[in-house]
Amino acid sequence: MNAKVDPLASLNYLYGQPSATAVFKQNPEDFIVDEELGFELDGSGEHVCLHIIKRGINTVAVAKAIAKLANVAPRDVSYAGQKDRQGVCSQWFSVPVPIKKDVDFSALNDDFIFVSQQVRHGRKLRIGCHKGNRFTIVLRQVSEPLEVLSRINAVRQGVPNYFGEQRFGHDGHNLEMAQRMFNGEAIRDRKLRSMVISAARSYIFNQLVSLRVAEHGLAKTLKHEVFMLSGSNAFFTDAITPENITRLVEGDIELSAPMVGKGEKGLVEEELNWLEPYSEWCEGLADIGLKTERRMLRLYPENLTVSMPQEDTIELSFSLKKGCFATALLRELVDYRTGDKSIARSDDEDTAE
């Protein structure tokens, strides 16, 4: 399978391709992300949690800066999720610091990093431990504001839960590396290898969701579905029954699509057919030993609000569950291009996002 330069270009739209155009991320402040941790830090323990607001720098580079100041290995610094470099993003990091030792992490503060809180906690943060993220997005030079606004009520009902372009690297570079890896080329860097594997699984997931959108939309159900319990990674296969329809409407369960791995458990017949063109990568992922998992089919924005500070400018604010991409919602609203008034710290290698 040949990876495309733009992994999102061919994905189907649920509500049809937008005709309106706009500029996104013209300035870093046009993309604000605030991590919602979803639990209280306990105030004591062997780990220091840092709430950091970053601008023009990616999560990995911030973690390296924390590690250097704390005199620990970069692998000892952890976080709930990666955030974009191009934007103003707040998130939590944790670093092990002995109880009797104090580190002044305000020394990290510069034009790119600001430490707003420092709290001790009994355990380190882990990937995916947060509840979600709150987004504030400004679209500029909107060609047809009314067309964008007319789509708002539609996207409130959900959009395809595609992985965003950040997952695949610049110009789909992570997918090119995945193809070389499946061809036998070794990737010795563990973090890079993990990132490439994740990109490959995400690419296949996107293709399956796109096929389902084209053939069924997201409202029509298959004869048998693999349901996910809301707020959980647990899933089960069952027929469409009145009881399951009621649970879907009430939000107790969600429709899902596969994150492929070893074996056919958790796959229905139609999904197996859809996976045939990607058999090479599926076999490669299975050989790695990954188990088949599931991911929500539909992304629902929470508390979505809209304003127009100027006649050609639209501001959106909404929350998404962890692992969901704001650009998946944005592409259903407007055909956007990214602005070029960005900044970046010189030591920030943005290969992961």
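These exercises work through one predicted protein model, each with its solution.

Numbering runs from 1 along each chain as its sequence is written. Because the model is predicted, local features need pLDDT of at least 70 and side-chain atom pairs count only at pLDDT 80 or more, while totals for chains, interfaces and linings use all residues; side-chain values use heavy atoms, with hydrogens and water left out.

**Exercise 1. Judge the confidence of the model, then find where to be careful.**

Step 1. Take the average. The mean pLDDT of the protein is 91; pLDDT is the predictor's confidence in each residue, from 0 to 100.
Step 2. A pLDDT of 70 or more is reached by 95% of the residues.
Step 3. Residues 346–353 have pLDDT below 50. This stretch still makes 22 contacts in the model beyond near neighbours in sequence, a contact being heavy atoms within 4.5 Å.
Step 4. Apply the rule. Where pLDDT is low, predicted coordinates should not be read in detail.

**Exercise 2. Describe the overall fold in numbers.**

Step 1. Count the elements. The protein holds nine helices and 16 strands. These are DSSP runs numbered from the N terminus: helices are H or I with at least four residues, strands are E with at least two.
Step 2. Check the radius of gyration, taken over C-alpha atoms. The globule rule is 2.2 Å times the number of residues to the power 0.38. For 353 residues a compact globule would come out near 20 Å; the protein has 21 Å, so the two agree.
Step 3. The C-alpha trace spans about 60 × 55 × 40 Å along its principal axes.
Step 4. Ask how far apart in sequence the contacts reach. Among contacts with a separation of 6 or more, 80% join residues 24 or more positions apart.

**Exercise 3. Which residues of helix 9 are buried?**

Step 1. Locate the helix. Helix 9 covers residues 326–333.
Step 2. Count. Eight of its eight residues are buried.
Step 3. Name them. They are Ala-326, Thr-327, Ala-328, Leu-329, Leu-330, Arg-331, Glu-332 and Leu-333.
Step 4. Leu-333 and Ser-150 are 183 residues apart along the chain, with C-alpha atoms 8.9 Å apart. Leu-330 and Ala-73 are 257 residues apart in sequence and 37 Å apart in space, C-alpha to C-alpha.
Step 5. Ser-150 sits in helix 2 (residues 145–150) and is exposed, at 52% relative accessible area. Ala-73 lies in the loop between helix 1 (59–70) and strand 4 (78–79); at 21% it is partly exposed.

**Exercise 4. Compare two non-glycine residues with positive phi.**

Step 1. Read the angles. Phi is near 60° for Lys-25 and about 55° for Asn-303.
Step 2. Lys-25 is in the loop between strand 1 (21–24) and strand 2 (31–36). Asn-303 is in strand 14 (residues 302–310).
Step 3. Check cover. Lys-25 is buried at 15% relative accessibility, whereas Asn-303 is exposed at 58%.

**Exercise 5. Is Gln-207 buried or exposed, and what does it touch?**

Step 1. Read the accessibility. At 9%, Gln-207 counts as buried.
Step 2. List the contacts. Leaving aside neighbours within four places in sequence, Gln-207 contacts Pro-7, Ser-10, Leu-11 and Tyr-278.

Definitions and conventions: Buried < 20%, exposed > 50% of the residue type's maximum accessible area, 1.4 Å probe, protein only.
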